[in-house]
Amino acid sequence: MSKATEFKEMLFSKAKSDLKVVVLPESGDERVLRAAGELLKSGAVKLILLGEKSAVEKKAASIGVDVSAAEIIDPATSELHEEYANTLFELRKSKGMELDKAQKLMRDKTFFGTMLVHKGKADAMVSGASTTTAETIRPALQFIKMKPGISTVSGSFIICLEDKIWLTADCAVTPNPTTDQLASIAAASAKTARDFGLEPRVAMLSYSTGESGSGADVDFVKEATAKAKELSPELAIEGPIQFDAAVDVETAKVKLPNSPVAGRANVFVFPNLNCGNICYKAIQQASGAVAIGPILQGLNKPVNDLSRGCKVEDIVNTVLISAIQSQN
């Protein structure tokens, strides 16, 4: 059995072990409905679909999908609308929020879905099949907010190779992190790795290993690594380190012989989004690996983003990951 197949089976098993409720705002998208049908049939999660009930049921029936086990809520007519609008107003009035604007925003499925998570009616939300990352993240940042000690939202991908599982970050959100933000991304990525059964060994990637190189970019990773160690002193973390020294035992013996991470890294933190996004896609395309994500890291409760080009399998995996994140 490949690591990808093994990992996917683990997702279903772990999600089933402690059932959580995930809200899917984009019930008008056929892919979302097909994913919902698979998930409900598996019994791995409970689902809330947002939309006008008869319209959702009609569309699902037209493509042969059974969503009868899901709760369907229309934000525009829900009895929760007034309460949620008032909550948003109270949370954001110091930032200039007006009640009529809050009432309007609570008719927006993404805002309403995020409020379901904030209020505890849902444990997690998955959105983005037909909206942008910014539209998914914005309400979460406004009232779900960040975990203590975490300074930025980041996006990781789980890379399922034939014989191993890696986690890469940030590949989705923060273009040019500060050293504090990069340290925060390292800590959040290690937490994500643990959530999914990996004991994290974190490589803070650079074009230089140890003391072999110099320059502003190397110093940046050195400083971020030192801050990450302060933030999470229990972490096995190494940086700056080149990718070959991070993954190849023989190279590690030459470049960084006494490191507990070198040659054995499984969590890779890139110095910026440009590097991270290019490299995870290069690994995926060159190796045929399965890339699951992005997994949004750092929020108080799980809100995860989909690519607008996502497939049904991607939605299923992201919902399972979100459910598992909420278990932790």
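I am working with a predicted model.

**Entry 1: the cores**

I began with the largest nonpolar core, which holds 61 residues. Which members touch the most others? I found Leu24, Leu47, Leu49, Ile158, Val202, Met204 and Val319. Helix H13, residues 312–327, gives the most to this core, with 8 residues. I also noted a second, separate core of 28 residues. Met115, Ile137, Ile144 and Val303 are among its members.

I then looked up Val202, leaving aside neighbours within four places in sequence.

**Entry 2: H2 against H13**

Helix H2 covers residues 30–42. How far apart are the axes of H2 and H13? They are 8 Å apart, and the packing angle is about 55°. H2 and H13 are therefore oblique to each other. I noted the crossing as right-handed.

From H2, I listed Arg31, Val32, Arg34, Ala35, Glu38 and Leu39. They meet Val312, Ile315, Val316, Val319 and Leu320 in H13. I sorted the residues of this contact by class: 8 are nonpolar, 3 are charged and none is polar. Val319, listed here in H13, is also one of the core members that touch the most others.

**Entry 3: H1 against H13**

Next I checked helix H1, residues 3–16. H1 and H13 pack at about 45°, with their axes 9 Å apart. Is this pair oblique or parallel? H1 and H13 are oblique to each other. Left-handed or right-handed? The crossing of H1 and H13 is left-handed.

On the H1 side I wrote down Lys8, Leu11, Phe12, Lys14 and Ala15. On the H13 side I have Glu313, Val316, Asn317, Leu320, Ile321, Ile324 and Gln327. By class, the contact of H1 with H13 has 7 nonpolar, 2 polar and 3 charged residues.

**Entry 4: Ala44**

I found Ala44 in the loop between H2 and strand E2, which spans 46–50. Buried or exposed? Ala44 counts as buried, because its relative accessibility is 0%. Not counting residues up to four places away in sequence, Ala44 touches Phe12, Ala15, Lys16, Leu19, Leu39 and Leu320. I also looked at Ala323, which lies 279 residues from Ala44 along the chain. Their C-alpha atoms are separated by 8.8 Å.

Where is Ser208? I located Ser208 in the loop between strand E7 (201–205) and helix H9 (216–231). Ser208 counts as buried, at 2% relative accessibility. Beyond four places in sequence, Ser208 touches Gly213, Val218, Pro240, Ile241 and Gln242.

Gln142 sits in helix H7, residues 133–144. Why does Gln142 count as buried? Its relative accessible area is 16%, and the cut-off for buried is under 20%. Which residues does Gln142 touch, not counting those up to four places away in sequence? I noted Arg92 and Phe111.

Terms used. Residues are numbered from 1 along each chain as its sequence is written. This is a predicted model: local features need pLDDT of at least 70, side-chain atom pairs count only at pLDDT 80 or more; totals for chains, interfaces and linings use all residues. Side-chain values use heavy atoms; hydrogens and water are left out. A nonpolar core is a set of buried Ala, Val, Leu, Ile, Met, Phe, Trp, Tyr and Cys residues joined through side-chain atoms within 4.5 Å. Buried means under 20% relative accessible area, exposed over 50%, partly exposed in between (1.4 Å probe, protein chains only). Helices (H or I, at least four residues) and strands (E, at least two) are DSSP runs, numbered from the N terminus. Contact means heavy atoms within 4.5 Å. Axes are lines fitted to C-alpha atoms, for helices over the stretch in contact, and angles run from 0 to 180 degrees between N-to-C directions. Angles under 35 degrees count as roughly parallel, over 145 as roughly antiparallel, 65 to 115 as roughly perpendicular and the rest as oblique. A crossing is left-handed if the near helix is turned anticlockwise from the far one by less than a right angle, and right-handed if clockwise. Ala, Val, Leu, Ile, Met, Phe, Trp, Tyr, Cys and Pro count as nonpolar, Asp, Glu, Lys and Arg as charged, and the others, Gly among them, as polar.
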